[in-house]
Amino acid sequence: MDERSTSYRTTGGVDVRRTATSCDPGVLTELVQAVEHRRGGVLSSGMEFPGRYSRWHMGYIDPCLEIAARGRTLTATALNERGGVLLPVIAAAFAEHGSVQGEAPSGAVAVHVPEPAPGEFYTEEERSRRPTVFSALRSVIALFRAPDADSHLGLYGAFGYDLAFQFEPVEAVLDRDPADRDLVLQLPDEVIVRDRKRETCVRYTYEFTVPAGRNGAAARTDGMARRTDPTPPMRRADLPDQPVPGSYAEVVAEAKKRFVRGDLFEVVPGHRTYARCESPARFYERLRDRNPAPYEFFFNLGEGEYLVGASPEMFVRVTGTPGQGQRVETCPISGTIRRGEDAIGDADNIRALLGSAKEESELTMCTDVDRNDKSRVCEPGSVKVIGRRQIEMYSRLIHTVDHIEGRLRPEFDALDAFLTHMWAVTVTGAPKTWAMRFIESHESTPRRWYGGAVGVLAFDGSMNTGLTLRTAHIRDTVATVRVGATLLYDSDPEAEERETFLKARALLETLAEDGAAQPAAAARPLEPDPTAGEGMTVLLVDHEDSFVNTLADYVRRHGARVVTVRHGFDPAYLDELAPDLVVLSPGPGLPADFATDALLDALDRRALPVFGVCLGLQAMVEHAGGELRTLADPVHGKPGLVRVTGGTLLGGLGEGGGADAAFTAARYHSTYTTPGQVKGFDVTAVVDGTGPGGEPVVMAIEDAARKRWGVQFHPESILTASVGERIIERVLRLAR
């Protein structure tokens with residue numbers, strides 16, 4: 001038997017001895033059966049995709065300690081005497097964030113992380129460091145961090161959807177059960193890992209020695225039993241009623257009204273279906289066999305809760321050494337069609353999927369939002385689309401997928417990456433905050449685990465998490481399967497409802513059985529001039545938008561310092577910051593929703609240069625006495641051919657140069673204006689014939705003397721890649 005041991009000390013002073021022993025892969029099958037009756041987890045991947053996914057299988061049983069959250073209260077519970085050894089140092093980590101309740105010898109300690117104090121101010125760049133339960137988790141991870149730590153020792157489990165409410169201003173409308181947990185993470189001290197590519201299987205065991213406490217003696221886990229108490233057997237409950245036919249289509253119809261107004265670009269509401277599940281372990285094994293996926297998982301979370309899933313989508317993966325440009329990856333999925341009857345049918349359906357403008361728009365918007373999420377915490381210029389509209393095939397469905405990466409700035413860690421993406425646009429929508437508000441108001445029940453994540457926060461600073469899609473939440477033999485669809489203005493209500501049931505089929509059929517192309521190269525933007533914004537401070541005003549951080553990233557690439565704040569801030573901050581340029585971000589809704597007139601009055605009084613994007617342009621037009629209208633057909637995530645008619649900002653950009661210059665740009669808007677309705681500005685670009693009656697739609701305005709510029713399109717979108725960087729560079733140079 002091959003056995004290797006190594007020892008190291010963590011930054012929190014905990015000594016760890018790790019032993020790696022070769023073992024028979026068959027132990028994982030036995031472990032799956034055991035997890036049905038004792039706390040633990042099994043994770044696997046049935047997909048092999050070079051550069052993205054490889055096949056692996058791992059699991060653990062009898063974790064020594066559990067960390068759970070209910071709202072803003074985080075509780076650590078020792079599940080055996082080994083966990084009791086670690087509980088005092090966990091309590092010390094909790095104490096950095098509030099008063100700790102309970103004593104370590106009692107077996108559980110808790111901390112309530114308070115809301116930020118009234119008046120406490122955070123810029124958007126600092127948002128992931130606002131006080132939340134993740135603040136205390138960050139301290140726990142730091143306690144166990146060490147250069148010699150591996151990616152297998154860490155916290156495993158599930159992150160619930162409601163955690164986002166601690167990060168974004170979304171009011172809870174639906175009734176919640178106060179006993180429901182928003183997060184359950186388990187700390188295993190024995191993990192079995194099978195590399196299905198190399199055909200190796202290793203059992204990793206960990207022993208801990210914590211620093212001397214008040215009793216003057218160090219505590220050790222050596223010789224202590226690893227077993228925990230079994231979880232209680234499931235009771236049998238009645239199945240709830242299935243969704244009323246047509247009810248989801250009604251939600252789609254309501255969403256279409258919001259698209260027309262411009263409140264939303266896309267949104268992903270869901271609804272629940274139900275089936276009987278007598279054995280979560282058997283269901284997991286059959287699901288892996290019927291529907292292989294990148295993120296297959298089975299968790300016994302205790303308190304009668306199980307999660308079993310075969311998720312096709314990565315949430316956030318972070319690799320590399322903390323503080324040294326860790327790689328952040330995501331793979332948003334949007335665009336769906338059913339599998340064909342055979343390979344020829346698959347090819348026909350793939351061709352139809354790739355040729356659908358609607359499906360392409362869905363993924364474009366998801367990727368633009370995802371790039372924005374990364375830009376909040378990644379190095380300027382490091383966010384790249386490395387795979388565009390790639391095809392992934394599952395048992396019932398074919399999807400289009402983008403692959404996006406960035407490099408974390410040194411001051412941020414994996415939890416910052418996790419928080420800035422919460423939750424994925426593919427399960428919420430865009431703009432993300434407004435989409436989450438729509439979901440909260442139009443779904444009939446809280447999401448609980450659906451739309452959150454599962455995976456591991458490793459003590460080496462890495463992270464690997466998948467979205468809780470294609471997931472059954474099992475309690476009392478009832479499996480709840482929640483599914484949704486990505487809605488756009490041109491969605492068909494009945495078709496979208498049918499798609500949700502198609503997505504649920506793989507799980508529901510498996511539960512019923514238990515009871516009885518090469519990717520296209522992404523466009524590469526021109527390399528930015530890193531000196532264009534050197535020495536400048538740019539204030540970026542966020543109108544609750546999901547693209548603002550990508551805008552900030554574009555500005556930083558040119559050497560400027562960027563400070564992002566949400567709308568409604570005290571105008572006195574303008575005097576404190578003294579920006580060289582103010583950028584008004586895009587956003588949902590109308591300018592009046594954000595009191596933009598008051599801000600523009602304040603900017604006028606200070607004669608500050610202003611650049612408005614989308615909603616920002618609309619605000620400038622309206623403030624100057626112009627008129628806004630609503631498009632008969634909203635344009636969200638779709639390309640438009642922008643014809644330049646003059647001006648200093650866009651003059652000569654695009655093909656043709658001079659007065660006939662034109663370029664493709666991304667449009668995300670329902671509200672618009674026409675040249676005849678603009679006052680006080682020169683109209684410098686239009687899209688021809690797309691307004692009602694065939695009139696041109698204004699795409700750019702400027703008042704060069706007052707240093708005011710605005711564009712209706714999104715320069716930061718991947719669809720504007722040919723000129724987006726150059727537009728930002730010009731704004732910075734003109735604002736000097």
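**Entry 1: Glu-303**
I looked up Glu-303 and found it partly exposed, at 42% relative accessibility. I am working in a predicted model, so I keep that in mind as I read. Next I checked for a charged partner: Glu-303 forms a salt bridge with Arg-181, with the closest N and O atoms 3.6 Å apart. Where do the two residues lie? Arg-181 is in the loop between strand E9 (154-159) and strand E10 (183-187), while Glu-303 is in the loop between strand E16 (295-302) and strand E17 (305-311), so this pair ties together parts that are 122 residues apart in sequence.

**Entry 2: Arg-181 again**
Is Arg-181 buried or exposed? I found Arg-181 buried, at 2% relative accessibility. I then noted a salt bridge from Arg-181 to Glu-305, where the closest N and O atoms are 2.9 Å apart. Glu-305 sits in strand E17 and Arg-181 in the loop between E9 and E10, so the pair ties together parts 124 residues apart in sequence. Glu-305 is buried, with a relative accessible area of 2%.

**Entry 3: the network**
Which residues are joined by salt bridges that share partners? I listed one network of Arg-70, Asp-180, Arg-181, Glu-303, Glu-305, Arg-448 and Arg-475. A handy reminder for me: side chains of opposite charge can pair when their charged atoms come close.

**Entry 4: Asp-15 and Arg-9**
I turned to another pair. The side chains of Asp-15 and Arg-9 meet in a salt bridge of 2.6 Å, N to O. Asp-15 is partly exposed, with a relative accessible area of 25%, and Arg-9 is exposed at 56%.

**Entry 5: the total**
I finished with a search of the whole structure, which finds 69 salt bridges.

Definitions and conventions:
Residues numbered from 1 in each chain as written. Predicted model: local features only at pLDDT ≥ 70, side-chain atom pairs only at ≥ 80, totals over all residues. Heavy atoms only, no water. Salt bridge = Lys/Arg side-chain N within 4 Å of Asp/Glu carboxyl O. Buried < 20%, exposed > 50% of the residue type's maximum accessible area, 1.4 Å probe, protein only. Helix = DSSP H or I, 4+ residues; strand = E, 2+ residues; numbered from the N terminus.
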